[in-house]
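Open the structure in a viewer and keep the selection tool at hand. The stops below say what to select and what to look for at each one.

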Amino acid sequence: MRHLELGFIGFGLIGGSIARSLKKNGQDVAVHVYSRRKNPDLEDGVREGVIDELVYEIDERIGRCDIIFLCAPVLKNVDFFPLLKPVLGPDSLITDVGSVKSNICAAAAGYGLSDRFIGGHPMAGSEKTGYKNSTDILLENAYYLLTPTEANRAEDVALLRELVGHTGANCVVLSPEHHDLITAAISHVPHIIAVSLVNLVRQNDDEEENMKAFAAGGFKDITRIASSSPDMWQDICVANGESIDRFLTEFELLIQNFRRMIRESDKPAIYDAFQKAGDYRNSIPAKKSSVIAPSFDLFVNIDDRTGAIATIATVLSVNGISIKNIGIIHNREYADGVLKIELYSLEDAEKSERLLRQNHYDIVTRK
């Protein structure tokens, strides 16, 4: 790949990880970052050699870059089109990293930049934010979706695909509309459902908060994504409202049908619904990247004896593995595994499983 000047407007977890991975993989790139204000973390990025130039104005230093990444929140990214247009180089491309595409593609068209903009969505993330939490492996084997339109040149799409490939991600090309339907179904609506489930329990809990006390286990697992950033999800719901509304309507019909089956004690229909869902859920490939930040968990059956947890923690720590969280699962009504160990990475989780199995611990595999 030829030398490329890359501009970043916003440089947090995703932007930082893109730049880190490209430099780690030996690509000939120069990274120019725009920030609204001075940021000690970004100044660290300059000292680390990840950032080649840090600027505080949108001018030719950013506009003349070969590829400019918009890494602000999804509704904020469109505000940079009028700032970039006057300083944009003759062959400069603009892309973004947001999880909604139709709105920003339409905004690019409104500013006469359809031929210069190609939507992008790296399907990777973390509950942590900011440049200081970026890594050079965040995008490895993740899906990175590109959403060009008919206005884009084939050679521009090919250049961006090549660059994405050098991050270690798997590049897939979709239309903006198809992208937004997919992400609404597999990410946006599940987040809304998780939030609704948590609020359902919150509103119906008793004064002793028994529902909260018993929620550890299955309920907490399926609602983990409800802890996501309210600011980010407020913008996503607005930006992808049409697709989200479509699938929420379908979900309401499914819930209504379940209510009917339960009222009528329709055992064959209930069984069929659970069986079809289980078969489809089990057919989803394991360890694939997702728009939902991954959780790297181990579930272990242990004896109720003094020092049992400490022994496991020692086995892992002496082998250089840091534990993110550890705790007893008291509600195991629908799943096996007494002890839940949360790790920081897939590599740590796999290494921990090998070590614990070697030490004759019973590891429970959850799909």
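**First stop: a helix residue**

Select D156, which lies in helix α6. The model you are looking at is predicted. Is D156 buried or exposed? Its relative accessible area is 7%, and the cut-off for buried is under 20%, so D156 counts as buried. Show its surroundings: leaving out residues up to four places away in sequence, D156 touches L93, D115 and I118. L4 and D156 are 152 residues apart along the chain, and their C-alpha atoms are separated by 13 Å.

**The cores**

Next, select L6, F8, F11, I18, I67 and F69. These are the residues with the most contacts inside the largest nonpolar core, which has 36 residues. Which elements give two or more residues to this core? Colour β1 (4-9), α1 (13-24), β2 (29-34), β4 (67-70), β7 (143-147) and α6 (154-165) to see them.

Stay with L6 and display its contacts. Residues up to four places away in sequence aside, L6 touches L22, V29, A30, V31, H32, C65, I67, F69 and L163.

**Along helix α1**

Go to I14, which is found in helix α1. I14 is buried, at a relative accessible area of 17%. Beyond its neighbours within four places in sequence, I14 is in contact with V97, P122, A124 and L138. For a distance check, pick L54: I14 and L54 are 40 residues apart in sequence and 17 Å apart in space, C-alpha to C-alpha.

**Two helix pairs**

Two packed helices are described by the angle between their axes and the distance between the axes. Show helix α7 (residues 176-204) with helix α11 (residues 241-263). Their axes come within 9 Å and cross at roughly 60 degrees, which makes α7 oblique to α11. The crossing of α7 and α11 is right-handed. To see the contact, display side chains on both helices: D180, L181, A184, A185, H188, V189, I192 and I193 come from α7, while S243, I244, R246, F247, L248 and F251 come from α11. By class, the residues of this contact are 10 nonpolar, 2 polar and 2 charged.

Which residues meet here? On the α11 side they are F258, M261 and I262, and on the α12 side A269, I270, A273 and F274. The contact of α11 with α12 has 7 nonpolar residues, with no polar and no charged ones.

**Two loop residues**

Finish with the backbone. Select N141, in the loop between β6 (117-122) and β7. N141 is not a glycine, yet its phi is positive, at about 65 degrees. N141 is exposed, with a relative accessible area of 56%.

Move on to E209, in the loop between α7 and α8 (210-214). What is the phi of E209? It is near 55 degrees, a positive value in a residue other than glycine. E209 counts as partly exposed, at 37% relative accessibility.

Terms used
Residues numbered from 1 in each chain as written. Predicted model: local features only at pLDDT ≥ 70, side-chain atom pairs only at ≥ 80, totals over all residues. Heavy atoms only, no water. Core = buried A, V, L, I, M, F, W, Y, C linked by side-chain atoms within 4.5 Å. Buried < 20%, exposed > 50% of the residue type's maximum accessible area, 1.4 Å probe, protein only. Helix = DSSP H or I, 4+ residues; strand = E, 2+ residues; numbered from the N terminus. Contact = heavy atoms within 4.5 Å. Axes fitted to C-alpha atoms, helices over the stretch in contact; angles between N-to-C directions. Parallel < 35°, antiparallel > 145°, perpendicular 65-115°, else oblique. Left-handed = near helix turned anticlockwise from the far one by under 90°. Nonpolar A, V, L, I, M, F, W, Y, C, P; charged D, E, K, R; others polar.
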